[in-house]
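Please look over the sequence and the model below before reading on.

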Amino acid sequence: MKIFINPGHGPNIIDAKGEKPYDQSYDPGAVGLNGYQEATVNLSIANKLIARLNDHVDLKLYQSGGIWRGPNDYTLKDICEAANNWEADCLISIHAGASNDRASQGISTHYQMMGNRMSTEKYDKGKKLAEITHNHLINEFGDYGKTYDKGLIVDNFQILRDTKCPGILVEIGYITNPLDEIKMQRDPWQDAAAYALMLALNDYLGLGLYPYPCLPNTGKPLTECPYNEPETDVQIGSKGNDVRWVQWQLNLCGFVLVVDGDFGSSTETAVRSYQKNIALPLDGIVGANTRKLLRTVAESCPYREPTDNILMGSKGNNVRWVQWHLNRMGINLDTDGDFGPLPDFVVKEFQKSNHLTADGIVGPQTRTKLKSITRTCPYNEPRKKLHQRNAGAGVCWVQWHLNRNGADLAIDGTLGSATTAAIRTFQKDNTLASDGVVGPLTRAALKK
Ligand SMILES: [Zn+2]
């Protein structure tokens, strides 16, 4: 079985005269607000897909800008020829969406329309592959997929038209949307994409592979910062990854900064208004206190909540979940997954101070209490009514407060079905109209 993979855009753009048409030797594809390039995410997903399939089928990967031609470049025509000469069984072209409207988000799967050179058989097969793939993508992207499902689109692309085998083109996320841009740089996003594509090929080609789940995704939030927290003060004139950490965290709070590692006046202005929001001294310097509050923004437990009772002698990720939550209160336990005498002591103390039976057993009540530990919310309270499909830092505020009230949501700034369900539950519990819309009354109740 032969699968031809074409991550869109890429290296070595040289025009027909042998000159570089732009001041670059590379077609980045669409570029996000913070400089992340479509060609990079397309290739990462392709490589992850290959990693999942290369023990099982024959694969070829061609990446290109597709518009310009150079000695080491492939035009779309070259790519189509290569796929045809190789007699590929199917083709997958991987892209990310782009729009002038920065609010656009979503996943779409494209297949080739009927036309002169199109047999009914190829059309039907392309459509079938698109349907199978789209279902898997929407599924693997969970709440995001369901909320931003842009559907199947019949289209006219050279890469699908001039190849003999059936093929599809997927657009996974919008690189022009700042939240999508952050998410698509992270492994969980790319793994979900590669895994969905693998499942689709497995179904479509009848490969009979055991569908290993998305192993590298341990449930870590997509909002995990890719930079290490700085250990010293960061301020105007600072440069490098320490500054990127600050910019990245500020963006999660709703600021829109270019993550360029350069602490200039726009970063300083953002730091000052952040400090103002959370009542810190307004000095524009990211010192220990500002860092501590910025850090809480992306903090979300990487372990799944246990369903069994956890007690002395328990082992594994269930115990790590408990240790992680105890540490959030300032206790410094190793998250080693081993429930020994020290966690036992700490749990009993925690239960005592929270009027729970001090038996050292982490059952449902202790877990609920552990989850509801109060912290200062690092997000601005939204001023608008928020309802399903809203996205942004205002949604983070809602998610943060719902979690404080016992929900267990990823703080991803996306108001999808899980968040809406949590809002409805909260409204019901607080004798509010259970409409899933966060207006002034619901906000007031959330803050209590
Ligand atoms: Zn593209």
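A nonpolar core is here a set of buried Ala, Val, Leu, Ile, Met, Phe, Trp, Tyr and Cys residues joined through C-beta atoms within 7 Å, and a residue is buried if 20 or more other C-beta atoms lie within 10 Å of its own, exposed if 12 or fewer, and partly exposed in between, with C-beta atoms placed from the backbone. In soluble globular proteins, nonpolar side chains tend to be buried together.

This is a predicted model, in which local features need pLDDT of at least 70 and side-chain atom pairs count only at pLDDT 80 or more, whereas totals for chains, interfaces and linings use all residues. Residues are numbered from 1 along each chain as its sequence is written.

Buried residues make up 42% of the 448 residues in the chain. Among the contacts between residues at least 6 apart in sequence, 63% join residues at least 24 apart, two residues being in contact if their C-beta atoms, placed from the backbone, lie within 7 Å.

Which residues does L49 contact, once its neighbours within four places in sequence are left aside? They are I5, A194, L197 and M198. L49 also belongs to the packing of helix α1 against helix α7, in which V41, S44, I45, K48, L49, R52 and L53 of α1 make the contact with Q190, D191, A193, A194, L197, M198 and L201 of α7. By class, this contact has 9 nonpolar, 2 polar and 3 charged residues, with Ala, Val, Leu, Ile, Met, Phe, Trp, Tyr, Cys and Pro counted as nonpolar, Asp, Glu, Lys and Arg as charged, and the others, Gly among them, as polar.

Two packed helices are described by the angle between their axes and the distance between the axes. The axes of α1 (residues 38-53) and α7 (residues 187-205) come within 8 Å and cross at roughly 50°, and therefore α1 is oblique to α7. Axes are lines fitted to C-alpha atoms, for helices over the stretch in contact, and angles run from 0 to 180 degrees between N-to-C directions; those under 35 degrees count as roughly parallel, over 145 as roughly antiparallel, 65 to 115 as roughly perpendicular and the rest as oblique. The crossing of α1 and α7 is right-handed, a crossing being right-handed if the near helix is turned clockwise from the far one by less than a right angle, and left-handed if anticlockwise.

Helix α7 also meets helix α3 (residues 120-140), and here the axes come within 8 Å and cross at roughly 145°. The crossing of α3 and α7 is right-handed. On the α3 side the contact residues are K128, L129, I132, T133, H136, L137 and E140, and on the α7 side they are A192, Y195, A196, L197, L199, A200, D203 and Y204. By class, the contact of α3 with α7 has 10 nonpolar, 2 polar and 3 charged residues.

Several loop positions complete the picture. E87, in the loop between α2 (76-86) and β5 (90-97), has a positive phi of about 60° although E87 is not a glycine, and E87 is exposed because 10 other C-beta atoms lie within 10 Å. T431, in the loop between α15 (417-429) and α16 (440-447), likewise has a positive phi, of about 45°, without being a glycine; with 8 other C-beta atoms within 10 Å, T431 is exposed.

How values were computed: Helix = DSSP H or I, 4+ residues; strand = E, 2+ residues; numbered from the N terminus.
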